[in-house]
Amino acid sequence: MDTPTPLPSLTLPIDGMTCASCVARVERALVKVPGVADASVNLASESATVHGASVSAPAVVAAVTDAGYTVPTVTVDLAIEGMTCASCVGRVERALRRQPFVVDAAVNLAGESARITVVGGDREAALVAAITEAGYTATPRPDPSATPTGGTVDPAERRLAAERRRVLWAMLLAAPLALPMLALPFGLHPMPPAWLQFLLATPVQFVLGARFYRAGWAALKAGTGNMDLLVAIGTTAGWGLSTWLWLTAHPGHAPHLYYEGSAVVIALVLLGKYLEMRARRRTTEAIRALQALRPDTARRLEDGRETLVPLARIGVGDRVVVLPGERLPVDGTLREGSTQVDESMLTGEPLPVSRHPGDRLVGGSINGSGRIVLEVGAVGTETVLARIVRMVEDAQAAKAPIQRIVDRVSTVFVPVVLVLAAATLVGWLLAGRGMEPAIVAAVAVLVIACPCALGLATPAAIMAGTGVAARHGVLIKDAQALELAHRVKIVAFDKTGTLTVGRPVLVAAQPAPGTTRATLLGLAAALQAGSEHPLARAVIEAAKAEPGTVAAEPAEAVTALPGRGVEGRIGARLLRLGSARLMADHGLVPPGDLGEFAAAQQAAGRTVSWLLDATAVLGVVAFGDTVKPGAREAVARLASMGIRTVMISGDNRGAAEAVARELGITQAIAEVLPADKAGHITRLRAEAGGGAVAMVGDGINDAPALAAADVGIAMATGTDVAMHTAGITLMRGDPMLVPAAIEISARTVAKIRQNLFWAFAYNAVGIPLAAAGLLSPVIAGAAMAASSVSVMTNALLLSRWSPRTARPAAAAPADRPAAVHVA
């Protein structure tokens, strides 16, 4: 008896199961999936195995997710060589998605890469085998956090050099065939003899053009077509026709040959591919520039001795010495020394920033003025630099929604062109024009058709746009955020830390009659000298900056008064600093107009503290959160772009409305709980009239709103939770980067549309002209090469973009509260 063939199986991990009921629930969900014959779930190993003739990983994962559980997935990044057009992209994606363990696959022609999401463990070898079977070469992409090795040559640079040599040889061999064509308009025919044309054209056709045969044959074996197949068929037809005419010509008769057409077409296509490859290299300059910021070595400090070691040997907790002018090798905390640090390549901020002991430092930035010692806080993939590289690579590897339309067109493009070429050949023969002109017209149709431009139009623009944005401090995490941002009609801002600095400062101080401002600040600072409270630090900083402030003797017997303030003794005087309740508890009343002054400050959303002694009120100080430089200009810039601005804040109404008035924001929604912010985003979407809504925030409390918005924009000066939730991260807390992010999105989408228009228009115009015999194969080949290069060049124009920056804000004196913008 024959043993039945076992059905294909897929084993996948499942998170969230806790009991036998969970097992039964998952099994019931799995057996309902089309193509699944049976399913077995193991609670102990937290896994499931499904059998079926056509098991689909996306469907299986969706079933488990709908049942309330999670399937852990792994992302595999591969570099792919040999792709030349949009048809190649489609073939590789189909080969990958046929694997039962593949949940999703996205192939990027401009980046020559693939990002595959899989289930069930290490699948890299199987993925490489699938791509190899499809006719391409795949290798694992290097880890962006890996330490660079000095002296190594980039493989892409080697391929570019090899391509350059092929182009030069092709041009040298084709030149004697092409140059005599320039004399034809003058009635001259100085073509070389047929045997020399054959000797010049044959190595171009079959040696330098061998890549077209290899790639075309691989496409045929896979049951599809690509650009290489079109070039191989077209140029072979021209070379074959010329050879046949030469060999069958009557003795003494010089036939008209087409060797120059085939040789020049291959030379031009190779030139176009070389220029295209060079342009692709420029689209990834941003990532290479970021990776170049990471030094090879670090100077480790052990037992007072400095040792230069490879970066891979540095661990969290180590002490590292950085000398002036050196790049910081890792992230960490400054422990010894003070310095000015240049973080421009990471944040886009052109000016160095001061760093003192206890401050965080970011690897890749440049130490300015002094020798410093930092304690390592993150290495490898956990450093800010590695995360930035990873985010940019994620965005460049992702597919924009508009690209899916192109993918559908590219799957039928080559077969349609082959049919059109055959129809052209038959049409010319039926018209009685003869075999020779019929073949020439059919060759022109094959050569001019260019799926390359279609395949490059979207990814080239996305790579250029995300790259230039990253250089200026705007990190776009996914292509969908990039494509949606230009449709934004409403921007909702969080207040604290987003539009304001997020750190209280003393904005006003009013002494009582008989007390000077300098005395008021000096006594308040003395009471707060030992406190780490933010308001205490604000008082101390203001006292230091105030001209003429007299430093009081240190306070003694300082005691915190919960819910009230603080009290202490300075010399023989008992002083208190605190709330109006503290003042009322001691039966004191503010003299003169101090009460009105305090009420006005509180109406503006400021925090008020009273300085008291045993018998009288000495004065009042007010604290506020200052508006960031550039916030007003950012709101004005958004308004000029036709975008409405809204503030959503958990702060009190007075503070929120005061900031909104100062900045020109049209609507302030105050006293909003974190859980309710997402609901307000949903309501704003209904008011956007079909446009998108963006949310800008920096804290954990903003995460739900960032996720609910069409485009989430997080400040990197905030929490990791906010940055992980948002689609766009601003590497410095400058509000002017918000309109910049929307602007680069609009410019990138415009480039995508321009590229797609010209790619489609080029084929729509060129193919009919070639079929009508109005284009020679040489002109068709030149036009085909020019189309791909023009698409890449148009995308690279984005690299000239730079955002508008905020003008520096002039500091206002603390005794002029009307000129200070606070929350």
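Predicted model: local features only at pLDDT ≥ 70, side-chain atom pairs only at ≥ 80, totals over all residues.

Colleague: How many aromatic pairs does the structure hold?

Modeller: There are six aromatic pairs. In one of them, the ring centres of Phe206 and Trp239 are 4.9 Å apart and the planes stand at 90°, so this pair is edge-to-face. Phe206 belongs to helix H6 (residues 194-208) and Trp239 to helix H8 (residues 227-247), so the pair ties together parts that are 33 residues apart in sequence. Another edge-to-face pair joins Phe757 and Trp758, at 5.1 Å centre to centre and 75° between the planes. Phe757 and Trp758 are exposed.

Colleague: Which residues do ring pairs link into a cluster?

Modeller: The cluster consists of Phe198, Phe206, Tyr213, Trp239, Trp246 and Tyr259.

Colleague: At what angle do helices H14 and H26 pack?

Modeller: Angles over 145 degrees count as roughly antiparallel. Helix H14 (residues 435-448) and helix H26 (residues 737-771) pack at about 165°, with axes 8 Å apart, and are therefore roughly antiparallel. The crossing of H14 past H26 is right-handed.

Colleague: Which residues make the contact?

Modeller: H14 contributes Ala441, Ala444, Val445 and Ile448, while H26 contributes Tyr762, Asn763, Gly766, Ile767, Ala770 and Ala771. Eight residues of this contact are nonpolar, two are polar and none is charged.

How values were computed. Residues numbered from 1 in each chain as written. Heavy atoms only, no water. Axes fitted to C-alpha atoms, helices over the stretch in contact; angles between N-to-C directions. Helix = DSSP H or I, 4+ residues; strand = E, 2+ residues; numbered from the N terminus. Parallel < 35°, antiparallel > 145°, perpendicular 65-115°, else oblique. Left-handed = near helix turned anticlockwise from the far one by under 90°. Contact = heavy atoms within 4.5 Å. Nonpolar A, V, L, I, M, F, W, Y, C, P; charged D, E, K, R; others polar. Phe/Tyr/Trp six-rings, centres within 6.5 Å; stacked < 30°, edge-to-face > 60°. Buried < 20%, exposed > 50% of the residue type's maximum accessible area, 1.4 Å probe, protein only.
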